[in-house]
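Visitor: I would like to learn how to read a protein structure, one feature at a time. Could we look at it together?

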Amino acid sequence: MSARVTGRFAPTPSGRLHLGNLLCALLAYLSVRSRDGRFLLRIEDVDVPRCPRRLAAQCIEDLLWLGITWDEPPLYQSERTAIYEDAFARLEDMGLVYPCFCTRAQLHAALAPNLGDREPVYAGTCAHLSPDEIAERSKTRSPAMRVRVPDEDVTFTDGLYGIVTENLARDCGDFIIRRSDGLFGYQLAVVVDDALTGVTEIVRGRDILTATPRQLFLQRALGYPAPSYVHIPLLTDSEGRRLAKRDKDLDLSVLSKRFTREDILGLLAHACGLLPDWHPVTMDALIRDFSWERVAREDARLSPALTRM
Ligand SMILES: [Zn+2]
């Protein structure tokens, strides 16, 4: 494998991309392109019912409008079930997987990829069921599948936030890699896809910083190399409120009618510290001048001028 850096943007198309998503895409893109690297797009529609194809198409349109391009056809997680199946079977063969019959509410809490706050630690309720108990419970409920985590520290160095350590047994517990409805969990799909597509650098929001130790654990178990990680500050409105998919005025359906591509690039670059003030800028200029040194560590605020205009 070549030493060329490979980055990616991996949106979940359960809604239209907002400016916070676009900032993430932009920084991932600039980091790679400033070093003449390869850039990939992956549509994280593993949760098919929540991610209709038209929203994925809209994501692609928005990224292209901003001037972000990728070097291979986009990958759709919804088409890769057999590949996740294979990784899952390997973990099963290692004795790392067991069925969990806990309630739907708990399963949902453990599935969402973008929960800002810590998820509840799984208590290991189903970790030691006997084969008879499993057979009995399977009659009335189809189980989710969890992976057993070790009671040891997992450490990595984040490109912006430095050393991050987590003990998975204490801080997370055995986590779900396959849902009760049969769909594969986010952590497993991400790890498999990044490894098999040769991704060497992962740039994403700091809201999922705490998912990284789980992914490192899965990488190790599956024998994959660990990529480098840069978790980026969240983008907030000018009042410091976190952006959400419901902020319709901050997606490109509205903004692209009021602003040019260069305006929006300037807005994002200014919010994260790459530009001292908001002015139009080209993608080429951003690529030429990019350095992680210049990206702010604190959360990025949109210019108040955005809502005044
Ligand atoms: Zn359970």
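Visitor: Does Ser 228 count as buried, exposed or partly exposed, and how many C-beta neighbours does Ser 228 have inside 10 Å?

Guide: Before answering, please note that this is a predicted model, in which local features need pLDDT of at least 70 and side-chain atom pairs count only at pLDDT 80 or more, while totals for chains, interfaces and linings use all residues. Residues are numbered from 1 along each chain as its sequence is written. The general idea is that a residue is buried if 20 or more other C-beta atoms lie within 10 Å of its own, exposed if 12 or fewer, and partly exposed in between, with C-beta atoms placed from the backbone. Ser 228 has 15 C-beta neighbours inside 10 Å and therefore counts as partly exposed.

Visitor: In which element does Ser 228 lie, and which residues does Ser 228 touch when those up to four places away in sequence are not counted?

Guide: Helices (H or I, at least four residues) and strands (E, at least two) are DSSP runs, numbered from the N terminus, and Ser 228 lies in strand E10. Two residues are in contact if their C-beta atoms, placed from the backbone, lie within 7 Å. With residues up to four places away in sequence not counted, Ser 228 touches Gly 159, Thr 200 and Glu 201.

Visitor: How should I read the length of a helix, for instance that of H2?

Guide: The expected span of a helix is 1.5 Å times one less than its number of residues. Helix H2 (residues 53–66) has 14 residues and should span 20 Å, which agrees with the 20 Å between its end C-alpha atoms. For H1, which has 15 residues, 21 Å is expected, and the reach from its first C-alpha to its last is close to that, at 20 Å.

Visitor: Which residues of H2 are buried, and which are exposed?

Guide: The buried residues in H2 are Ala 56, Cys 59, Asp 62, Leu 63 and Leu 66. They cover an arc of only 120° around the axis (the arc being that of the directions from the helix axis to the C-beta atoms), so they are on the same side of H2. Arg 54, Ala 57 and Leu 64, on the other side of H2, are exposed. The elements against which the buried residues of H2 pack are helix H1 (19–33), strand E2 (38–43), helix H9 (252–258) and helix H10 (261–271).

Visitor: How many of the residues of H1 are buried?

Guide: In H1, 15 of the 15 residues are buried, so H1 is largely enclosed by the rest of the structure.

Visitor: What is a nonpolar core, and how many residues does the largest nonpolar core have here?

Guide: In soluble globular proteins, nonpolar side chains tend to be buried together. A nonpolar core is a set of buried Ala, Val, Leu, Ile, Met, Phe, Trp, Tyr and Cys residues joined through C-beta atoms within 7 Å. The largest nonpolar core has 46 residues, and those with the most contacts inside it include Leu 23, Leu 268 and Cys 272. H1 gives the most to this core, with 11 residues. Leaving out residues up to four places away in sequence, Leu 23 touches Leu 235, Leu 268, Ala 271, Cys 272 and Ala 300. Another core, of 26 residues, lies apart from it, and among its residues are Cys 172, Tyr 186, Ala 189 and Val 191.

Visitor: What is the phi of Asp 36, and where is the place of Asp 36?

Guide: Most residues other than glycine have a negative phi. Asp 36 has a positive phi, near 60°, and its place is in the loop between H1 and E2. Asp 36 counts as exposed because it has 9 C-beta neighbours inside 10 Å. A positive phi also occurs at Gly 67, which follows H2, with a value near 100°.

Visitor: Which domains does the domain assignment give, and how many residues of each are in contact?

Guide: Domain bounds come from an automatic or database domain assignment, which here gives domain 1 (6–79 + 233–308) and domain 2 (82–197). The centres of the two domains, taken over C-alpha atoms, are separated by 29 Å. In domain 1, 10 residues are in contact with 9 residues of domain 2.
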